[in-house]
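User: Hey, got a minute to go over the helix packing and the pocket in this model?
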Amino acid sequence: MSPGEREVPRTHPSPENAGETPVFREPTAADGQRMWEIARDSGVLDLNSSYAYVLWGAEFAGSSVVVESEGRVVGFVTGFLRPSEPDSIFVWQVGVDADQRGKGLAARMLHALLDRLAERGVVRLRTTISPDNEASQRTFGAVARDRGMTLSSEDYLSADLLGEGHEPEDLYTIA
């Protein structure tokens, strides 16, 4: 694959998801409770109130995505367009059901979101990742490579700002 060229996220059955056709779409308020359950059950995401996820589906649907498998939401990405950088999407959380992990759904949701937002002039993705979250670092790195872009990181939020037991959050940028 040459620079700038990328593999389009699969939306057809493959050996690991035979019989399923994942559907990537904007969330709705009705998806909020399911998004909260995925975050809760992940055991690693900072859990917000169920209200926050319902609100995200109602008010930030255009900058977020869910994936359905067999009619059930099995993953989500919450994001918002940065007021200080209207050409940037800030990804807040990425969650995938435990039984759906290993299918590349997180990266595929990020691709679907970036593809949709490109029409609105979004050229950059920003997110925070803690130093010990190697899985997220790999996922965002793969998305950058697939898109012929680079992934960079810088110090952002120190542990003392985030409270007891929370690691620092580094700012990652795909551009």
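This is a predicted model: local features need pLDDT of at least 70, side-chain atom pairs count only at pLDDT 80 or more; totals for chains, interfaces and linings use all residues.
User: How do helix 3 and helix 4 sit, and why would you call them oblique to each other?
Analyst: Helix 3 (residues 105-118) and helix 4 (residues 134-146) pack at about 45 degrees, with axes 9 Å apart. They are therefore oblique to each other, because angles under 35 degrees count as roughly parallel, over 145 as roughly antiparallel, 65 to 115 as roughly perpendicular and the rest as oblique. Axes are lines fitted to C-alpha atoms over the stretch in contact, with angles from 0 to 180 degrees between N-to-C directions. Helices are DSSP runs of H or I, at least four residues, and strands are E runs of at least two, numbered from the N terminus.
User: Which residues make the contact?
Analyst: Helix 3 brings Ala106, Ala107, Leu110, His111 and Leu114, and helix 4 brings Thr139, Phe140, Val143 and Asp146; contact means heavy atoms within 4.5 Å.
User: At what angle do helix 1 and helix 2 pack?
Analyst: Helix 1 (residues 32-42) and helix 2 (residues 50-59) pack at about 130 degrees, axes 7 Å apart. That pair is therefore oblique too.
User: Who's touching whom there?
Analyst: Gly32, Gln33, Met35, Trp36 and Ala39 of helix 1 meet Ser50, Tyr53 and Val54 of helix 2.
User: Switching topic: which residues lie nearest the centre of the largest pocket?
Analyst: Val44, Leu45, Val94, Asn133 and Ser136, out of 40 lining residues. A pocket here is an open set of points on a 1 Å grid over the protein atoms alone, where a 1.4 Å probe fits, with protein on both sides within 12 Å along at least five of seven lines; lining residues have an atom within 4 Å of a point.
User: Which element gives the largest share of that lining?
Analyst: Strand 4, with seven residues. Strand 4 (85-96), helix 3, strand 5 (124-129), helix 4 and strand 6 (151-157) each give two or more.

Conventions. Residues are numbered from 1 along each chain as its sequence is written. Side-chain values use heavy atoms; hydrogens and water are left out.
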